[in-house]
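Thanks for coming, everyone. I'll take you through one structure today, piece by piece. Have a look at it first.

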Amino acid sequence: MEVKKRAEIRSMQYDEFRNNDYLERMADQLNRDGAGVIVGSADELINWGRSNSLWSLTFGTSCCAIEFMALGAARYDMARFGFEVTRNSPRQADMIMVLGTITYRMAPVLKRLYDQMAEPKYVVAVGGCTISGGPFRKSYHVVNGIDKIIPVDVFIPGCPPRPEAFYYGMMQLQRKIKVERFLGGVNRKEDDKAPVTREQGSHPDGEPRQLVNLSTCQLNKEEE
Amino acid sequence: MTMSADNIILIKPEELYDEASRLRYDAKEPMDYLRDIVGMDWGEEGLGALYYLESTSTGARRVLKVVAADRKNAFGCAEHSFLPSVCSLWKTARIKEREVFDFFGIRFTGNPDMRRLFLREDWKGYPLRKDYDMDSNPLNMDNETNADVTEEYTLRPDGTVEGRENVVFGKEDFVVNIGPQHPSTHGVLRMRTSIDGENIRRIDPILGYIHRGIEKMNESLTYPQTLALTDRLDYLSAHQNRHALCMCIEQAAGIGIPERAQYIRTIMDELQRIDSHLLFYSCLVMDMGGLTPFFYGFREREMILDIMEETTGGRLIQNYNVIGGVQADLHPDFRRKVKEFIKHLRSVIKDYHDIFTDNVIARRRLVGVGVLSREDAISLGATGGTGRASGWSNDVRKRHPYAMYGKVDFREITRTEGDSFARYMVRMDEIMESCHIIEQLIDNIPEGEFRVKTKAIIKLPEGNFSTSVESSRGEFGVMLESHGDKYPYRLHYRSTGLPLVDTMDTVCRGQKIADLIAIGGTLDFVIPDIDR
């Protein structure tokens, strides 16, 4: 029995997203492994709920955090997408949004916070600094990309990214959640062993955790 | 405007304290404000420091240069360089000397706290020394432990140095850890706070969680390249920070700026100040539990961001000032939109005061809480709105006018109470004062060039140059030493926030821990600017 797993977002056409092939591969994999009618449908319902109520741990270290605040205010209003609830405790958060440069002194703290979060958990790396070190790449005290410390689900480039880019990245994360297998999949995942790198990153389905890179995202191109 | 290099007085290390003391208590012109201590590595000449002093009564400035003559063997100690501490003359020296120690390894005799400031306690070497190996400290993922003791060095009469341990937090202290991941510390600040019941006994700020080593990076960047990093120091003073660096380089290189660019820079600086103060209002109120005013503040702030974006292309990081002027000419709609915005802001500012300023809860939590005296403000170097709320008129725009500030009429907002409420009101009143400045300029922007052509590679003459501007939260300074190359030999920024964080301990002692966040909010610091 094939379960239709197609990551739709109501406000944006499917074809307008980049990285569709990556999500389709995930859906294919799921279908190959097989899913029962009941389990598959329950998954879709649960994932619909999960993807529309993402609670993020606020982890603003510098400039990007101010843009995140703008997201919370009335003009950009992230409540429309269901992730306006920010948590200050990792125990209550679904995802960690890393906003700003991660330095050597901060790196163990970030890892510790990530470890304290309950599964299933997601990481969004916002801004040039978190992706590669950005303008501080050559510094003696800056981590060149947080994917060296924790596995990243979505990268949102920019310095800082525009609010629209934030949304694009967040919608990509929602789409990713929508194709996941929840029952018997991510809800059972408990082993979160120490340092996970880009190569070692573990995916709920046993595959390496793949990365959605938005560096060529349409929104950004239009702005340039 | 012409400016020569800074006038530097060279002093021997053993005479530093006496000379500094003489200047500090001079009858005519007491140098009671220590702007900054800039650690230096002069290579063969040795390690040392520059002391930037200012007299709050006359505005006169002095620079002292001290070289710990022998790189290794000063005061007969085989391992370390020592300088005498001046922290008994200026309170701010205590944390500034820790910074110099952290970056250069110069120990200060008489400073009771010689811990590292920005780097981990197990960090090896001193990164701003010229011979520092950039690969010597790989990423260490071990959780960090903080020592509860610190070293103090004293100089014996025979010239040798004696070390002893001081206790930061003893066994009887109940220490609460706040940060670094905390939404109300305005960045990744960490405060170890010891409390007695509900009262704060001591605050020990732990910094460096966003230390990016900008000053070291500057040494391998050409002058136009160094500009890129200033916006990312205090991103709510992006224009002013960059303005200061551009001014410093322009003055050193003798580049004249078109009048149009001066007007544009001044207007942009003031727009940025309004932007920052609106954000200050939003955050302070949200920290104290009010959500609606947050939306008010951001509503108006978005209008400024729109205006800036049209001209500069950026919302937060604008990269607008360049050496010789500004990046691009004003957008055709700029003048109209700015005037509309100011009209709008004047019509809504009453709502701000209605909902928060006159609120009973807000008053009870702000009035009379966290008092900073004028003497302490000066001694701690707490500039900006914080100092002005304590009655210290420290506005760089008035005291050392730059750009168009000498030609516009505006009031320097000062108050005398020095409490949280005064700090809040100073900033709220400054919003209106900034509107007033912009209104005087916006219709008179002269036609002409917005930028003069400069060479791609700029070489500055040898010497020390410094400028300062009034950023959104205090005096931002640029201290530059050039050895005639296309790269700066040393480019140091006076952080506006470092003295403010240092103020926390003085202001909060004896206060309730529940007021800590409100006091921190009104001091208004931005952490990336502190850590650099």
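Let's start with a helix on a sheet. Helix 5 of chain B, residues 238-253, lies across strand 14 and strand 15 of chain B. Its direction runs at about 150° to strand 14 of chain B.

Three strands of chain B form an open, antiparallel sheet, in the order 14-15-16. Strand 14 (463-471) and strand 16 (490-494) of chain B are the edge strands, and each pairs on one side only. On average, neighbouring strands here are turned by 15° against each other, direction ignored.

Take one pairing in that sheet. Strand 15 of chain B, residues 474-482, runs antiparallel to strand 16 of chain B, and five bridges join the two. Here is a residue pair to find on your screens: V478(B) has Y493(B), in strand 16 of chain B, as its bridge partner.

A word on confidence before we go on. This is a predicted model. Its ipTM is 0.84 and its pTM is 0.84. For chain B, the average pLDDT is 86, and 96% of the residues score at least 70.

Next, the domains. The assignment for chain B gives domain 1 as 8-140 + 160-167, and domain 2 as 214-531. The C-alpha centres of these two domains of chain B are 28 Å apart. Each side puts residues into the contact: 20 from domain 1 of chain B and 20 from domain 2 of chain B.

Which elements of domain 1 of chain B supply at least two residues each to the side that touches domain 2 of chain B? Strand 2 (33-41) and strand 3 (47-54) of chain B both do. Strand 2 of chain B gives the most, with six residues. By class, that side of domain 1 of chain B has 13 nonpolar, three polar and four charged residues.

Stay with strand 2 of chain B. Is it buried or exposed? Nine of its nine residues are buried, so strand 2 of chain B is largely enclosed by the rest of the structure.

Strand 2 of chain B also belongs to a sheet. Four strands of chain B make up this open sheet, in the order 1-4-3-2, with mixed pairing. Strand 1 (8-11) and strand 2 of chain B stand at the edges with a single partner strand each, so one side of each has no neighbour in the sheet. From one strand to the next, the twist averages 25°.

Why call the pairing mixed? Look at both senses. Strand 1 of chain B runs parallel to strand 4 of chain B, residues 61-68, over four bridges. One residue pair there is I11(B) with V66(B) in strand 4 of chain B. Strand 2 and strand 3 of chain B, by contrast, pair in the antiparallel sense, over eight bridges. Y33(B) has E54(B), in strand 3 of chain B, as its bridge partner. The hairpin of strand 2 and strand 3 of chain B has five residues between the strands, and G43(B) in that hairpin takes a positive phi near 65°.

Helices pack here too. Helix 1 of chain B, residues 13-24, lies across strand 1, strand 3 and strand 4 of chain B, at about 165° to strand 4 of chain B. Helix 2 of chain B, residues 93-104, packs on the sheet and touches strand 2 and strand 3 of chain B. The direction of helix 2 makes about 10° with that of strand 2 of chain B.

On to the partner chain. Chain A has eight helices and six strands. Of its 224 residues, 47% count as buried.

How do the chains meet? 36 residues of chain B are in contact with 34 residues of chain A. Helix 3 (214-218), helix 4 (223-230) and helix 7 (292-312) of chain B each supply at least two residues of the chain B side. Helix 7 of chain B contributes the largest share, five residues. By class, the chain B side has 19 nonpolar, eight polar and nine charged residues.

One last residue. D354(B) sits in helix 8 of chain B, residues 334-357. Buried or exposed? D354(B) is exposed, with 10 other C-beta atoms within 10 Å.

That's my tour. Over to you.

Technical notes
Residues are numbered from 1 along each chain as its sequence is written. Chains are lettered from A and ligands numbered from 1 in the order in which they are written. This is a predicted model: local features need pLDDT of at least 70, side-chain atom pairs count only at pLDDT 80 or more; totals for chains, interfaces and linings use all residues. Domain bounds come from an automatic or database domain assignment. Two residues are in contact if their C-beta atoms, placed from the backbone, lie within 7 Å. Ala, Val, Leu, Ile, Met, Phe, Trp, Tyr, Cys and Pro count as nonpolar, Asp, Glu, Lys and Arg as charged, and the others, Gly among them, as polar. Two strands pair if DSSP finds at least two bridges between them. Axes are lines fitted to C-alpha atoms, for helices over the stretch in contact, and angles run from 0 to 180 degrees between N-to-C directions. A residue is buried if 20 or more other C-beta atoms lie within 10 Å of its own, exposed if 12 or fewer, and partly exposed in between; C-beta atoms are placed from the backbone. pLDDT is the predictor's confidence in each residue, from 0 to 100.
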